Amino acid sequence: MTFEELGIRLSNTSGQEKTQCPQCSHQRKKGSEPCLSVNIDEGTYYCHHCSWKGGLNEKHSNPTPPIVRPKEKPKTDIPEEVMSWFKDRGISEDVVISEKIGYNNRWIQFPFYKGGEVVNIKSRTADKKFRQEKNAEKCFYRFDHMEGMETIIITEGEMDALSLVECGYNNVVSIPDGAIAPNAKPSDAKFSYLLSAEKQMLGAVTIILAMDNDPSGDAMRDELSRRIGREKCYRVSYPDGCKDMNEVLMKHGEEKVIDLITDAHPYPIDGVITIADVTEDAIDLLLKPDSKGLSTGWAVLDDKYRVSPSEVTVITGVPNMGKSEWMDALMINMVQDHMWKFGIFSAENFPVKHHLLKLVGKFTGKAFWGDDRLDEDTARTSMSILDDHIKFIGTQETDITIESILEQAKVLNYRYGLNGLIIDPWNTVEHKFRQGENETNYVSRVLASLNSFAKLYEIHIWVVAHPRKMENDNNRKPVVPSPYDISGSANWFNKSDNAITIHRHKDEDEDYVGVHVHKIRFQYKNGRPGMGKLNYDIKNGKYGEYHESKEGLFE
Amino acid sequence: MPKPNLNDYHMRKMKMRLHEEFDKIWVKLNNNEATESQWHIALNKWLNSEKI
């Protein structure tokens, strides 16, 4: 299939183009309006009027355009009026020159140096119009200045970074694209500059986040700190009437800027939380009393178990009754319904290729084995989507410990912004008891570390653990185990936020999977304990609701 | 191209969400708040999901 055969008329042979839509343009009053977006390189098209869309059949290996470096460095010959503009904003001529700021036809140019080379140029006009080099590498502004630094200050814009340079701070960088909108779901592309700075960010002892004093700045600060690790992040508090560091410099002078950096305060993670620290969060909760955890994707569980960030859920159940299968199904639901991202340690599903096929089966709802199994194209497309959402942990190491899993999760969170972490099962992890520590104390200590990790990084952690012993009832059928039956004491129940047993109930009359919710810590938002029935489709590994009616599921 | 699985609620929800995200990026691109690269990625994510 070609664009010509589809009736799409193009004037270019590569790149991106807007043209008329062969499906709807001839019927429209504004027939000449180019409403069809065509990506010629990728072979894709989309009409913004009639939503006609599709792709050519060619396989496209690299959807991202290659990174391009600026053809020339900025011209550092700064006119007097531009230098005055900087001076009016508290930035001296010395700093403008040392930072190699450029100017070209109304545009002030901020060069992004990385490894001594200009990899991007961000330009702005006096009236705050911005532009960047097309397809340039995304990296921090002043990237080279954080090399080897124990403390790094991150600002939201170049002028704020220059304000700090003016006050004598050299360990300052700025994010390249400004903040994110409040309540926006942060995309990986928005944070792509973090990848090249991973060594510096994870190696630094202290990160001071000097974002703007507005809702977007707050949102950016929260997401950056979540990815970098809040244990090392500090915040600054601006004086009244100041939105950013440049305003502080202009209105209050250098000493105030230095005071703000000196007085930067840590995130409240040390165990001491003042009321002021959580006032805004509590008010948010008050104003949005109906905010609940996320649905698992099974309507029958909505009133029993919902998923919230920063919690730990323990899953148990008799072996071969589907704990891991249900866990995988929940993960796929969270990916599809909420676009969550997961790190997963699933030792019983190695090698990963088998596990991946099972996940694809759940993802597509199609069998991955047998004569009617899904086709290669569907499998490949599904895997490319899942690749954005699921990362396997601990696949090459023999002695996996909770510490090593959390360390890998920390890096994954920095790179991709994880929402969920699955440890399945507990007994395949190498457990290293401290001297004199018994299993009860060990479980208590490790669950406490999982809890603090979940809260620190706002990640939901699921731990799948086998029960210590299995008991049968009078009919010689396995009794539903509770979290108290897991090896390692009642801490499993006491120290988790939520506790669930997956149990298959099978007799002559019925056959279903019972999701027994034993404990929900925050019942006002995550549901109340109870049991939901699901059925299991062995062909594709998906769980559906046990009753015939799908009411509420297909809204 | 394989037939879409119209009965799968979760898949439909995901496609809808990817479509919405692409639309948002498109608006941002027009306002110079997003890059072409972001536009490509969002479009490909959505179209890929539509292939399933």
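How close do the axes of helix H6 (residues 215-228) of chain A and helix H13 (residues 402-416) of chain A come, and at what angle do they cross? In this predicted model, the two axes come within 7 Å and cross at roughly 150°. Angles over 145 degrees count as roughly antiparallel, so that is how H6(A) and H13(A) run relative to each other.

On the H6(A) side, the contact is made by Arg226(A), Arg227(A) and Ile228(A), while H13(A) brings in Asn413(A), Tyr414(A), Arg415(A) and Tyr416(A).

Now for the cysteines. How many disulfides are there over all chains? The count comes to 0.

| Residue | Relative accessible area | Class |
|---|---|---|
| Cys47(A) | 0% | buried |
| Cys139(A) | 0% | buried |

With buried meaning under 20% relative accessible area, Cys47(A) gets that label because its value is 0%. Cys139(A) is buried too, again at 0%.

Then there's the matter of confidence. For the complex, the predictor gives an ipTM of 0.71 and a pTM of 0.69. Chain B has a mean pLDDT of 81, with 87% of its residues at 70 or more. Which stretch of chain B stays under 50? That would be residues 1-6, for which the model still has 13 contacts beyond four places in sequence. Where pLDDT is low, the predicted coordinates should not be read in detail.

Definitions and conventions: Residues are numbered from 1 along each chain as its sequence is written. Chains are lettered from A and ligands numbered from 1 in the order in which they are written. This is a predicted model: local features need pLDDT of at least 70, side-chain atom pairs count only at pLDDT 80 or more; totals for chains, interfaces and linings use all residues. Side-chain values use heavy atoms; hydrogens and water are left out. pLDDT is the predictor's confidence in each residue, from 0 to 100. Contact means heavy atoms within 4.5 Å. A disulfide is a pair of cysteine sulfur atoms within 2.5 Å. Buried means under 20% relative accessible area, exposed over 50%, partly exposed in between (1.4 Å probe, protein chains only). Axes are lines fitted to C-alpha atoms, for helices over the stretch in contact, and angles run from 0 to 180 degrees between N-to-C directions. Helices (H or I, at least four residues) and strands (E, at least two) are DSSP runs, numbered from the N terminus. Angles under 35 degrees count as roughly parallel, over 145 as roughly antiparallel, 65 to 115 as roughly perpendicular and the rest as oblique.
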